[in-house]
Amino acid sequence: MEEKSCNCFGEWLARAQERSQGYAWAMFAFLAFLVALNFLVYPEEGHFVLDVLPGFWAVFGLGVSVAMTLVLKKIIFPLISRSEDFYDRGN
Amino acid sequence: MPEYIESVRVLLPILTTLVAPYFIWRFRDNEDLREGASFIAGLLTFAGVISLAPAVLAGKVWTYTPFVIYPGISIKFVADGLSMVFAIVASFLWMFATFYNVGYMRGLKEHAQTRYYFCFAVAIFGAMGVSFAGNVLTLYLFYEVISIFTYPLVAHHEDDEAFEGARKYFVYLMGSSKLFFLPAMVLTYVLCGTLDFHIGDLAHGMFPPDANPVLVQITYALYIFGLAKAAIMPLHNWLPSAMVAPTPVSALLHAVAVVKAGVFSVCRVMLSVFGVDILDKLFLGIPTAYLAAFTILVASIIALTKDDLKARLAYSTVSQLSYVIIGVSLLTPMAVRGGMLHIAHHAFSKITLFFAAGAIYVAAHEKKISRMGGLGRKMPFTFGAFGLAALSMIGVPPVCGFVSKWYIVNGALQAGQIALLVALLGSTLLNAGYFTPILYTAFFKPAHPDVDHAHISEAPLSMVIPLFLTAVISVLLGLFPETFLQFINVFAK
Amino acid sequence: MTEAIEPVIQSAACFIHPSIAYLAAALILVLPWKWEYKHWRWLLLVPPIVAIYSVVKLSFAPDAECLASLHYLGQTLNFGRVDKLAIIFAHVFAIQSLIGFIYAFHVKERAQHVAAMVYVAGGFGCVFAGDFLTLFIFWELMSVGSTLLIWLRRDPKATAAGFRYFMFHIFGGLFLLGGLLLRYKALGTFVFTAIDPASAQYYDYLILFGFCVNAAVIPLHAWLPDAYPEATVTGAVFMSAFTTKTAVYVLARGFAGFEVLAVMGVVMTLYGVAYATIENNARRILAYHIVSQVGYMVAGIGIGTAMTVDGACAHAYAHILYKGLLFMGAGCLLFSTGTAKLTELGGLAKRLPWVMICYMVAAVSISGMPLFNGFVSKNITINGAAEAHRTWLALGMEIAAVGTFLSVGIKLPYFAFWSKTSNPIELKPIPVNMYVAMGIAAFLCFFIGVYPEFLYRLLPFEIDYVPYTPWKVLQASLLLGFTGLGFYLCRKVIVPKARLNLDFDYLYRLVGRAFLWLVSKPSAIIDSVWSEVYKTVGLRLMLFMGLATSVFDVKGIDTVIDGAAYSTRFVGTGAARGQTGRLQDYLAAAILIGLAIFAAFWFLKY
């Protein structure tokens, strides 16, 4: 299973990485499909009041992940990060 | 009232230890005969002590009074449950110590070995006398014998540092016993009309019910400060100073015989001179417990700051001795048992630790913990035993230290002393704080740059075997605590 | 009151306590006989197989109050309390221990295996403990075992981290001890049963505190991200499973329904993913993730309904499998490249493809993708929270789910396996056993995902949760898919930096340093003051005493005061002669003083 004579799977992945743009478009298409499905499949009663609306979870997922990334990396991280040898320097 | 057996048999262990020094001196020119004499004496002493055990376990008490000086003042010996605990510990460990002594003294090619073994034997004679003392005078005499004959042992190296340390040792112990213990003894005689211990039940002591309470309290305070061998603060400083002694001396005497004579005497005084009732009524138990708790915590904290291994162990001893005191002064059945049990359990674990320190010194010539990096890989048995004994000190089940601490902690609960409970639990954390670094430095840190590891290997077998065995016994005692508990239960009915 | 140890096996169907198998194996391995690695390594697989056998047998047997007990210290220790709650944890512990030992099969150092065995034995012991005393003993055993797993990395950072870890766990253990003792004093029993939140006393809260330390509840969690990244490659796999899940078990057993747990649980879920998103070290990301996932379990226990407690148990089961797999993947990266830092990894997909696949299986499991075990377990808790009308808690959990996928499901593998086109770093070949272990775990993650009955059968309470409904599948897909889109859009922002993030351990260190400073200054001062006192007062006193008894032997006393060579000569030659002389002197001196005081009192009394 290591890199012996034929790292076939590895080679395939390498080639896939080169064609990543194509895979990206496929992904977007799939996501659009899911939102479309959401108009047909939805619960009568959601956990939260709004989640019966079509596209709610899509917006939730996208919104929360973007917000999280921005808040954490742009605001929190600069506040609490220190150099790696912070503790070793006797702080 | 217990059933007494008048018999010279109770003198056997004392006589063997009295005679042993003569033979040691006799064989001074032949190393092996001389050490053999020590060992055989130890074996005989231990056998003598064990021979007393069955009757004691059956609830009887041995007694013998060789000399009567004055009515109520005599030299009297008694063997009950409490005596057996200390006597078994001291005589048993003397045998181990002899083996270890051989390895250490010969390994370092020490001088004046005859004087050394001679004084050792007499010190054990003192310990036997203390454990079998039947009255305050006998206790006092043998207590002083220990002080006197350990002085040459502490000053063994005969350099300035040794004399300084030995002098401090001597002044503390002699000074406190003269200033405080003697007057206490006199007061006891005046108030009670006798110096004989009240044997057979813990609740009552020697004092008559109409004794002047203030005088009784003063007598108690004088006893507590007179027994500096128990290393209660502020009279503890002799212990770290006595670490200038060769390690086997520190091991047997300052972890077993001298200090145990101190706490044993405190137990004996508290339980057989005063008794639980009077200590309770006159509010003497709880202040002692708080003083002991203070000692436990402060000594542990000081231990954290010491880099010298023996110094750290010395302060650990100061701390652990006060566990015995706190147990007995809480006055509840479980605490009293726990305190007395700790006399034995601590002895086995502490002697392992000191033996290991000596082995490290002989094998690697290192005393400072910060320089012991990686030594554990070179001396796995020594440090393995050290680890087991350290776990016992911290109180990790099932090593024996856990059992005695368990009883003391439960006893504190029984007495409703939550502050003391917190102090006891906190000290566990502190113990972990100062023992763990020794272990991880030895096993998991790289070697110190100034220390050459190429020539280091385990210490001589005669040192490693005893310390390994005492470590194993520590574990066994934890699994089978009834070994000593049976004597304590008989004593504390 | 007999103090002897008397084992009592009370069940007709012979109960093999799994811990015995592990401790026996540990004992065999720790003894220093010369045994070749290629022979003793097969011993590693024996205890897990025995454990699996034992637990599976128990899962088909009826519940039992006390299958094995021991008398110790006047108490009866209950080692064998078996019911569905215990079984589900023991079940996954057994399976994970097998996976863990297969993963560690290549390790030649016996000490590492001994430590792992002691650790696992502790875990089983805690799960089957029927009383607090037994629980405490195994709790401490686990602390010792896991500390050794950290120290055995033999790295300066690991040594220091291990010490902090050990001290903190002892600290937590003491709260547990204090609580259980005070509870014993109040109730007279050590029995470990559920505590009613309405009538909980201060001692119950002490026990809760002790449990929360091991469960890594904020703010007692800092030991986890501090120590887990420093553990050995194979040790971390064990540690990811046992300490925290044992804590979850004891919380489920004792503290179900405690409101504080519900709230703190959700705080944990969010706190953990927040730190995971900004961390650089792969194993530290996973460690923070443990905090987050355990938060789900703690919250489920805190809410306390049958469904949420079931959810917590199911989640624990699944979590052990996929978290173990995540740590195995990260461990393979560390083992092979020598680093776990994302800034130094990247572009490794084509060079370590199978590691990547196994990791991704775990990554999608943890995120709750349909067809994998996370989907059938995590959502039970969220569902249960919503059904119990705890809307805000459920919302928090959903947000944390997004964060989970973001940090562990995408960010970590992206920066470890992709993000660079190529990585020249040298790769050490990964032994086969590590792949086998990962394969087994990946298979189980998938298997339980498609056949959830396997897991649901083990749950303590009856459950009527159907995981695979069209809506649930769609909802999960939407959530995950769009989170992925969010990552894609922000992929330049989320790049990890080689920095250290301050956490509560900053506070602990401050406290520790302050304490040491506070202590060493006064003790040095007291020491020097006391030496002065001794020199001035003590010695003078001795001189005075010497004068008082000089009638008997001035020379004798002088040698003590001077401490001069005289005493050495005196002592060295004919010790017997000199010393007995001294004794008589002192005896005489003592009696003189005694008689003097005695006389004084005699006259005073009369």
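**View 1. The open sheet of chain B in the predicted model.** In chain B, three strands are arranged as an open sheet in the order β1-β2-β3, with mixed pairing. Strands here are DSSP runs of E with at least two residues, helices are runs of H or I with at least four, and both are numbered from the N terminus; two strands pair if DSSP finds at least two bridges between them. The edges of the sheet are β1 (3–6) and β3 (73–79) of chain B, each with a single partner strand, so one side of each has no neighbour in the sheet. On average, and with direction ignored, neighbouring strands of this sheet are turned by 35 degrees against each other. Strand β2 (residues 60–70) of chain B pairs with β3(B) in the antiparallel sense over six bridges. Thr63(B) stands opposite Val78(B) in β3(B).

The model is predicted, so local features need pLDDT of at least 70 and side-chain atom pairs count only at pLDDT 80 or more, whereas totals for chains, interfaces and linings use all residues. Residues are numbered from 1 along each chain as its sequence is written, while chains are lettered from A and ligands numbered from 1 in the order in which they are written.

**View 2. Helices α1 and α2 of chain B.** The axes of helix α1 (residues 12–26) and helix α2 (residues 31–57) of chain B come within 9 Å and cross at roughly 175 degrees. Axes are lines fitted to C-alpha atoms, for helices over the stretch in contact, and angles run from 0 to 180 degrees between N-to-C directions. The helices α1(B) and α2(B) are therefore roughly antiparallel to each other, a term used for angles over 145 degrees. Residues in contact, meaning that their C-beta atoms, placed from the backbone, lie within 7 Å, include Leu12(B), Phe23(B) and Ile24(B) of α1(B) and Ala37(B), Leu44(B) and Val49(B) of α2(B). By class, this contact has nine nonpolar, five polar and one charged residues. Nonpolar covers Ala, Val, Leu, Ile, Met, Phe, Trp, Tyr, Cys and Pro, charged covers Asp, Glu, Lys and Arg, and the others, Gly among them, are polar.

**View 3. The surroundings of Ile14(B).** Ile14(B) lies in helix α1 of chain B. With 24 C-beta neighbours inside 10 Å, Ile14(B) counts as buried, the cut-off being 20 or more other C-beta atoms, placed from the backbone, within 10 Å of its own. Leaving aside neighbours within four places in sequence, Ile14(B) is in contact with Phe125(B), Met128(B), Gly129(B) and Phe132(B). Ser131(B) is 117 residues from Ile14(B) in sequence and 9.9 Å away in space, C-alpha to C-alpha.

**View 4. The contact of chain A with chain C.** Of the two pairs of chains in contact, chains A and C share the most contacts. Chain A has three helices and one strand, in the pattern α-α-α-β along the sequence. The contact takes 40 residues from chain A and 44 residues from chain C. On the side of chain C that touches chain A, α19(C) gives the largest share, 15 residues. The residues of that side divide into 32 nonpolar, nine polar and three charged. Strand β1 (residues 81–82) of chain A pairs with β4(C) in the antiparallel sense over two bridges, and the bridge partner of Arg82(A) in β4(C) is Leu500(C). Chain A and chain B do not touch, their nearest C-alpha atoms being 16 Å apart.

Technical notes. Parallel < 35°, antiparallel > 145°, perpendicular 65-115°, else oblique. Buried ≥ 20, exposed ≤ 12 C-beta atoms within 10 Å, placed from the backbone.
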